[in-house]
Amino acid sequence: YNAGLFQTDDPMPASVHINEMPYLIGRQGLGTFEWTPEESLLRDRARQTMISFIKQGKPCVDGVRWPSYSASSNSSFVRIGSPHWIVDEGFLEENLKFWRDTMSKYSYDFVRFKKVKIAVASTTGQHTEL
């Protein structure tokens with residue numbers, strides 16, 4: 001997200017899918033902005049990650065490897081920060097817990113739009129309903 005991409009009267013200034021493109025290919029299609037040193041570092045790391053993924057099939061930057069997804073992974077993810085990227089766990093765990101609890105409470109699957117008996121998932125990201 002870069003506030004410089006938005007006009008002051010934009011109804012919803014937010015990061016959208018294409019906003020990563022300046023960081024990956026260097027072209028600013030939605031607007032232009034001056035790169036801060038922090039954004040330049042993010043751009044360089046994003047490119048390194050994509051090159052690693054293309055060459056080796058696994059994204060990696062500065063020795064940090066993206067974790068593979070699995071139902072038992074406890075929602076592992078790469079926390080993109082400055083100056084360091086780290087592997088962390090529990091991505092959106094609070095949000096996931098809300099939806100798991102709500103679906104269980106109402107016996108309704110809001111993803112599939114049907115009434116079902118849903119097993120309550122643990123907060124470790126492991127679940128049995130899928």
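Student: Which ground rules apply before I look at residues?

Tutor: Residues are numbered from 1 along each chain as its sequence is written, and side-chain values use heavy atoms, with hydrogens and water left out. The model is predicted, so local features need pLDDT of at least 70 and side-chain atom pairs count only at pLDDT 80 or more, while totals for chains, interfaces and linings use all residues.

Student: Thanks! How many helices and strands does the protein have, and in which order do the elements run?

Tutor: Helices (H or I, at least four residues) and strands (E, at least two) are DSSP runs, numbered from the N terminus. Here there are three helices and six strands, and from the N terminus on they run α-α-β-β-β-β-α-β-β.

Student: What span does helix H3 have from its first C-alpha to its last?

Tutor: The expected span of a helix is 1.5 Å times one less than its number of residues. H3 covers residues 93-106, which is 14 residues, and reaches 20 Å, close to the 20 Å expected. After H3 comes Ser107, with a positive phi near 45°.

Student: Which residues of H3 are buried?

Tutor: Buried means under 20% relative accessible area, exposed over 50%, and partly exposed in between (1.4 Å probe, protein chains only). In H3, the buried residues are Glu93, Arg100, Thr102 and Met103. Their cover includes strand S5 (108-109). Across the protein, buried residues make up 23% of the 130 residues.

Student: Why does Glu93 count as buried?

Tutor: Glu93 is classed that way because its relative accessibility is 13%. Its C-alpha is separated by 7.6 Å from that of Ser75, 18 residues apart along the chain.

Student: And what should I look for at Asp109?

Tutor: Asp109 sits in strand S5 and counts as buried because its relative accessibility is 6%. A polar contact is a pair of N or O atoms within 3.5 Å; within protein, one must be able to donate a hydrogen and the other to accept it, and residues adjacent in sequence count only if both atoms are side-chain atoms. The side chains of Asp109 and Arg112 make such a contact, at 2.5 Å.

Student: Where is Asp62, and is it buried or exposed?

Tutor: Asp62 lies in the loop between strand S1 (60-61) and strand S2 (64-65). At 55% relative accessibility, Asp62 is exposed. Its phi is near 50°, a positive value in a residue other than glycine.

Student: What is phi of Phe113?

Tutor: Phi of Phe113 is near 55°, again positive in a residue other than glycine. Phe113 belongs to the loop between S5 and strand S6 (114-115), and with a relative accessible area of 63% it is exposed.

Student: Which residues make the nonpolar surface patch?

Tutor: Like charges are joined within 9 Å, and nonpolar side chains (Val, Leu, Ile, Met, Phe, Trp, Tyr) within 5 Å. Here Phe98, Trp99, Tyr106 and Phe110 make a patch of about 440 Å². One of them, Phe98, is in helix H3 and is partly exposed at 47% relative accessibility.

Student: How much accessible surface does the protein have?

Tutor: Accessible areas come from the Shrake-Rupley method with a 1.4 Å probe; for residues, only the protein chains shown count as cover. The protein's total is about 9,500 Å², of which 59% belongs to carbon and sulfur atoms.

Conventions: Contact = heavy atoms within 4.5 Å. Patch = residues over 30% accessible without salt bridge, like charges linked within 9 Å, V, L, I, M, F, W, Y side chains within 5 Å. Salt bridge = Lys/Arg side-chain N within 4 Å of Asp/Glu carboxyl O.
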